[in-house]
Amino acid sequence: MIEAIHALRQQAEQELERLDDAAALPEWYRRYLGRKGELTQQLKQMGALSPEERPKMGKVVNKVKQTLEDAFHARQQSLQTEQLNRELAGDDLDVTLPGRPVHTGHLHLTTQTLRKIYRIFGEMGFQVYEAPDVETDEYNFQLLNIPEYHPARDMWDTFWVNDQVLLRTHTSPGQIRAMREYHPDPIRVILPGKCYRYEQITPRSEHQFFQVEGLAVGKNIRLTDLIGVMSEFARKMYGQEREVRIRGSYFPFTEPSIEIDMSCSCEKVGCRLCKQTGWLEIAGAGMVHPVVLRNGGYEPEEWTGFALGMGVERPALLKHGIQDIRYFYGNDLRFLQQF
Ligand code: PHE
């Protein structure tokens, strides 16, 4: 019987070697190792053996079974590799075909606008200074010359975390932070960031928006420096033909205070964009108030400075003729992909 098993093994091995198609493998397996396979048949015949011979035969059969199992898996592996190599060598795979395009995103319109602003102010020597969104009453109001109960607080209602902590209504509190950090050196910074106001949301106003503050503190800084910086900014941001004009205004933290307007792209003819006035508002500004300078650590007898604050979404909105400011926060790809 041992001879019969070894003969069977030999036959199975030779046959396996001759197989050249992976599809024929299951058939071979069924024939030799399956439940009704030849080896199983042999095992069944062991009942006829004597009790001494039975375990010996069992061992032999199990060993042959293991050998054939191993041979089967090895052959399966090599046939699959061969097949893969054949397919790769054939013309089925054209590696010169262009790949599928990967869709990359791009910067949000607000970020693009901010970066342009950074670049223009950077060329004039202004560094970017970051200040926190969550502020205290002290920084957002008091140190900016807006004491408690000052009527100017009505211009800046906001979201309060508690009595003392709030979401900043403008980037101006960063002026104090920058001054306290730079003191006693001269300063030339812009402070970009998110601001918040407790406001009705409409096509023209959001309860969150970006501002960029500008601050210069030094010796002999004058209002004309501010006007020069803003003229340069308007020309670089919106085109060489832009002019600026100033109007008197009021902010508690600047003295004198001004509004800066820029001539509209209609060349002052009057259009829908500028509401027929020929001019667009671009910033609130002024000379840093002596109280604010002192709060920042600078002696107003010795130092002067100018500050300005401008919106970021509104100019982008005007530039691209966007009808509704809420699109900036809607995350609608149909809107975002246009820019
Ligand atoms: N902080 C003011 C505002 O939000 C703008 C401003 C900044 C005005 C700096 C003057 C100087 O309305």
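What do the buried residues of H2 pack against? Helix H1 (2–18), helix H3 (38–44) and helix H4 (53–89). Contact here means heavy atoms within 4.5 Å.

Some ground rules. This is a predicted model: local features need pLDDT of at least 70, side-chain atom pairs count only at pLDDT 80 or more, and totals for chains, interfaces and linings use all residues. Numbering starts from 1 along each chain as its sequence is written, and side-chain values use heavy atoms, with hydrogens and water left out. Helices (H or I, at least four residues) and strands (E, at least two) are DSSP runs, numbered from the N terminus.

Back to H2, residues 25–32. Its buried residues are Leu 25, Trp 28 and Tyr 32. They cover an arc of only 65° around the axis, so they sit on the same side of H2. That arc is taken from the directions from the helix axis to the C-beta atoms. Buried means under 20% relative accessible area, exposed over 50%, partly exposed in between (1.4 Å probe, protein chains only).

Now the sheet. Seven strands form an open sheet, ordered S1-S4-S5-S9-S8-S7-S6, with mixed pairing. Strands pair if DSSP finds at least two bridges between them. The edge strands are S1 (127–128) and S6 (244–249), each pairing on one side only. S4 (residues 187–196) and S5 (residues 208–218) run antiparallel, joined by ten bridges. Pro 192 stands opposite Val 212 in S5.

Helix H5 (residues 109–123) packs on this sheet. H5 touches S1, S4, S5 and strand S9 (304–311), and its direction makes about 165° with that of S4. Axes are lines fitted to C-alpha atoms, for helices over the stretch in contact; angles run from 0 to 180 degrees between N-to-C directions.

H5 also packs with helix H10 (residues 313–320), at about 105°, axes 10 Å apart. H5 and H10 are therefore roughly perpendicular, a label for angles of 65 to 115 degrees. From H5, the contact uses Leu 109, Thr 110, Thr 113 and Lys 116; from H10, Glu 313, Ala 316, Lys 319 and His 320.

Thr 169 lies between strand S3 (165–167) and helix H7 (173–182). Is Thr 169 buried or exposed? Buried, with a relative accessible area of 0%. Beyond its neighbours within four places in sequence, its contacts include Trp 156, Cys 195 and Phe 209.

Lys 219 is in the loop between S5 and helix H8 (223–238). Lys 219 is partly exposed, at 45% relative accessible area.

Terms used: Angles under 35 degrees count as roughly parallel, over 145 as roughly antiparallel, 65 to 115 as roughly perpendicular and the rest as oblique.
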